[in-house]
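Q: I am new to this structure and would like to learn how to read it. Can we go through it feature by feature?

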Amino acid sequence: QLERSTDVLTDGAGLRLIITRATAVSVDLYGTPTTLRTQARTVGDMLKEKNITLGQDGRVSVDLSAPITSGMQLRVWREGKQTINVEEAVAYETEQVKDADREVGYKEVQTAGQNGKRTVTYEVEIQNGAEVARTEIASIVTQAAVKQVEIIGAKPKALAYTGGGSKT
């Protein structure tokens, strides 16, 4: 905001620049945590400023007329059924290969395993801001898991001969 200086001795002649900093608000927006900065006075005004429309089933954890305060935390969610996409890890398998040339107890990782990734679409039912049901609708493997191959010793350990017998 620019305004004319009223105190020539301290501000000098000309214009004075006044900066009003935005207030940071922590928002869990439909399951995604984010920090929004706003100069709005109320939660409802901030939602309008950020073009967040609640719709018929939309809810906010505080009243829309609540004043914005520094460090404020609020949650925005939608009641009822909705779909979400989640990236999940796919565990790798382990294959053990027995080697008759190696003694029992020997173990070597020939190929290290690596987890894969899949994107899962869930239908989630929300009531009073809490998830009450989750059903998997679809799943797509985006990165295949790498199988771990281990070499395992299968050769029996040699028995030591102690020579304990008699010839009588």
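This is a predicted model: local features need pLDDT of at least 70, side-chain atom pairs count only at pLDDT 80 or more; totals for chains, interfaces and linings use all residues.

Q: How do β3 and β4 pair?
A: Strand β3 covers residues 23–29, and strand β4 covers residues 32–38. The two pair in the antiparallel sense over seven bridges. D28 has P33 in β4 as its bridge partner.

Q: What do β3 and β4 form, with how many residues between them?
A: β3 and β4 form a hairpin with two residues between them. Look at Y30 in the turn: its phi is positive, about 55 degrees.

Q: What is the order of the sheet that holds β8, β9 and β12?
A: This open sheet has three strands, ordered β8-β12-β9. Its pairing is mixed. β8 (94–103) and β9 (107–111) are the edge strands, and each pairs on one side only. On average, neighbouring strands in this sheet are turned by 35 degrees against each other, direction ignored.

Q: In which sense do β9 and β12 pair?
A: β9 pairs with strand β12 (residues 148–155) in the antiparallel sense, over four bridges. For a place to look, find E108, which stands opposite I151 in β12.

Q: Now the charges. How many salt bridges does the count come to?
A: Side chains of opposite charge can pair when their charged atoms come close. In this model the count comes to seven salt bridges. One of them joins K50 and E49, at 3.5 Å from N to O.

Q: Are K50 and E49 buried or partly exposed?
A: Compare each value with the cut-offs: under 20% is buried, over 50% is exposed. K50 has 32% relative accessibility, so it counts as partly exposed. E49 has 39%, so it is partly exposed too.

Q: Which residue forms a salt bridge with E88?
A: R118 does, with the closest N and O atoms 2.9 Å apart. This pair links distant parts of the chain. E88 lies in strand β7 (residues 80–90) and R118 in strand β10 (residues 116–127), 30 residues apart. E88 is partly exposed, with a relative accessible area of 23%.

Q: Where does R102 find its salt-bridge partner?
A: The side chain of R102 meets that of D99, at 3.7 Å from N to O. R102 has 37% relative accessibility and counts as partly exposed. D99 is partly exposed as well, with a relative accessible area of 22%. Elsewhere, salt bridges that share partners join E88, R118 and E136 into one network.

Q: How many residues does the largest nonpolar core have?
A: The largest nonpolar core has 15 residues. V43, M46, L47 and L74 have the most contacts inside it. β3, α2 (43–49) and β6 each give two or more residues to this core.

Q: What does V43 touch?
A: Leave out residues up to four places away in sequence. V43 then touches V60, V62, D63, L64, A66, I68, M72 and L74. Another core, of five residues, lies apart from the largest one; W77, V120, Y122 and V124 are among its residues.

Q: Step back. What does the secondary structure of the whole chain come to?
A: The chain has two helices and 12 strands. From the N terminus on, the elements run β-α-β-β-β-α-β-β-β-β-β-β-β-β.

Q: Why is the chain said to be more spread out than a compact globule?
A: Its radius of gyration is 33 Å, while the globule rule gives 15 Å for 168 residues, so the chain is more spread out than a compact globule. Along its principal axes, the C-alpha trace spans about 125 × 50 × 30 Å. Buried residues make up 19% of the 168 residues.

Methods:
Residues are numbered from 1 along each chain as its sequence is written. Side-chain values use heavy atoms; hydrogens and water are left out. Two strands pair if DSSP finds at least two bridges between them. Axes are lines fitted to C-alpha atoms, for helices over the stretch in contact, and angles run from 0 to 180 degrees between N-to-C directions. A salt bridge is a side-chain nitrogen of Lys or Arg within 4 Å of a carboxyl oxygen of Asp or Glu. Buried means under 20% relative accessible area, exposed over 50%, partly exposed in between (1.4 Å probe, protein chains only). A nonpolar core is a set of buried Ala, Val, Leu, Ile, Met, Phe, Trp, Tyr and Cys residues joined through side-chain atoms within 4.5 Å. Contact means heavy atoms within 4.5 Å. The radius of gyration is taken over C-alpha atoms; the globule rule is 2.2 Å times the number of residues to the power 0.38.
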